[in-house]
Amino acid sequence: MPRVVWKSALAVAVASLVAVAGGAVAKGAGGSQSPARFMKIDPALYASDGAAGKFTPASLSNKQVTAVVQLGGAPVAVRDANAKKQGAKLTGAQKDAIRQQLRSQQDALHGQLANAGARIIGQMQDAYNGIQVSVAQKNLAQLASLPNVVGIHAVAKFTPANIN
C-alpha cells in the first residue's frame, strides 16, 4: 500500500510541475502573452523562380563530383598483412603481380566508366582497390551498377586553415 501512495504523490507532483512550467512558457519572459509563436516565411525562399528556391535532386543534377569507385578484391597491403599473419612475407615481385592484376581489372572498366560520363583521375592498388573519377552526380547510380563495384565514396574537398 505505501508504494501506491508514493506513486500517486509522485504523479501529482509531476502533473503540477508540468502545469506550472507550461503556464510560464505560454506567458513568456515578460509575463505578457504573445500570440505570434511563428515567424512569417519570406516568399522568396520557396518561390520557384528565386535563386534560393531552386532545388535539383541529385538524381537529376549535372553537378560534377569527385568520387572513388571501390572495387572487389583485396589491395596489396591487405594481402601482405594476411601473408604476415600466416608467417610469410610477400616479395616485391609478388606485390607487383598483385598490383598488375588489380590494375588490369580496373582497366577493364575504363570503357564503361567513360560511357557513364566519368573522367578517370587516378587508380589505386596498394592501400585501396579503386578508381578515382569525376562524374555528373546523376550518373553515380550508373557507376554503382558496374561489375565488381562494391561501393561509391564521395571525396571531400578540404581547404587548409593555416592560422598558425
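Predicted model: local features only at pLDDT ≥ 70, side-chain atom pairs only at ≥ 80, totals over all residues.
A polar contact, as I use the term in this notebook, is a pair of N or O atoms within 3.5 Å, and within protein one of the two must be able to donate a hydrogen and the other to accept it.

Entry 1: I then looked up where S61 sits, and I noted its place in the loop between helix 1 (2–27) and strand 1 (64–71). Is S61 buried or exposed? Its relative accessibility is 10%, and because buried means under 20%, S61 counts as buried. When I left aside the neighbours within four places in sequence, I found S61 in contact with T56, A136, Q137 and K138.

**Entry 2: N62, the next residue.** I moved on to N62, whose place is also given as the loop between helix 1 and strand 1. Here the relative accessibility is 53%, and since exposed means over 50%, N62 counts as exposed. Not counting residues up to four places away in sequence, I found that N62 touches A136 and K138. For K138, I noted that a polar contact of 2.9 Å joins its side chain to that of N62. For A136, I looked up the spacing, and N62 and A136 are 74 residues apart in sequence but 4.9 Å apart in space, C-alpha to C-alpha.

**Entry 3: the chain as a whole.** I stepped back to look at the overall layout, and I counted 5 helices and 4 strands in the chain. Read along the sequence, these follow the pattern α-β-α-α-α-β-β-α-β. Of the 164 residues, 20% count as buried. I also noted that, among contacts with a separation of 6 or more, 61% are accounted for by residues 24 or more positions apart.

**Entry 4: N129 and G130.** I next looked up N129, which lies in the loop between strand 2 (119–124) and strand 3 (130–136). With a relative accessible area of 3%, N129 is buried. What does the side chain of N129 reach? I found the backbone oxygen of G73 at 3.2 Å. Not counting residues up to four places away in sequence, the residues that N129 touches include G72, G73, P75, L102 and M124. The following entry in my list was G130, which lies in strand 3 and counts as buried at 0% relative accessibility. Leaving aside neighbours within four places in sequence, I found G130 in contact with V69, Q70, L71, Q106, G122, Q123 and M124. I also checked G130 against V149, and these two are 19 residues apart in sequence and 8.8 Å apart in space, C-alpha to C-alpha.

**Entry 5: helix 2 against helix 3.** Last, I looked at how helix 2 (residues 76–85) packs with helix 3 (residues 92–107), and I noted an angle of about 140°, with the axes 10 Å apart. That angle makes helix 2 oblique to helix 3, because only angles over 145 degrees count as roughly antiparallel. The crossing of helix 2 and helix 3 is right-handed. Which residues meet there? From helix 2 I listed V76, R79 and D80, and from helix 3 I listed K95, I98, R99, Q101 and L102. By kind, the residues of this contact divide into 3 nonpolar, 1 polar and 4 charged.

Methods
Residues numbered from 1 in each chain as written. Heavy atoms only, no water. Axes fitted to C-alpha atoms, helices over the stretch in contact; angles between N-to-C directions. Helix = DSSP H or I, 4+ residues; strand = E, 2+ residues; numbered from the N terminus. Parallel < 35°, antiparallel > 145°, perpendicular 65-115°, else oblique. Left-handed = near helix turned anticlockwise from the far one by under 90°. Contact = heavy atoms within 4.5 Å. Nonpolar A, V, L, I, M, F, W, Y, C, P; charged D, E, K, R; others polar. Buried < 20%, exposed > 50% of the residue type's maximum accessible area, 1.4 Å probe, protein only.
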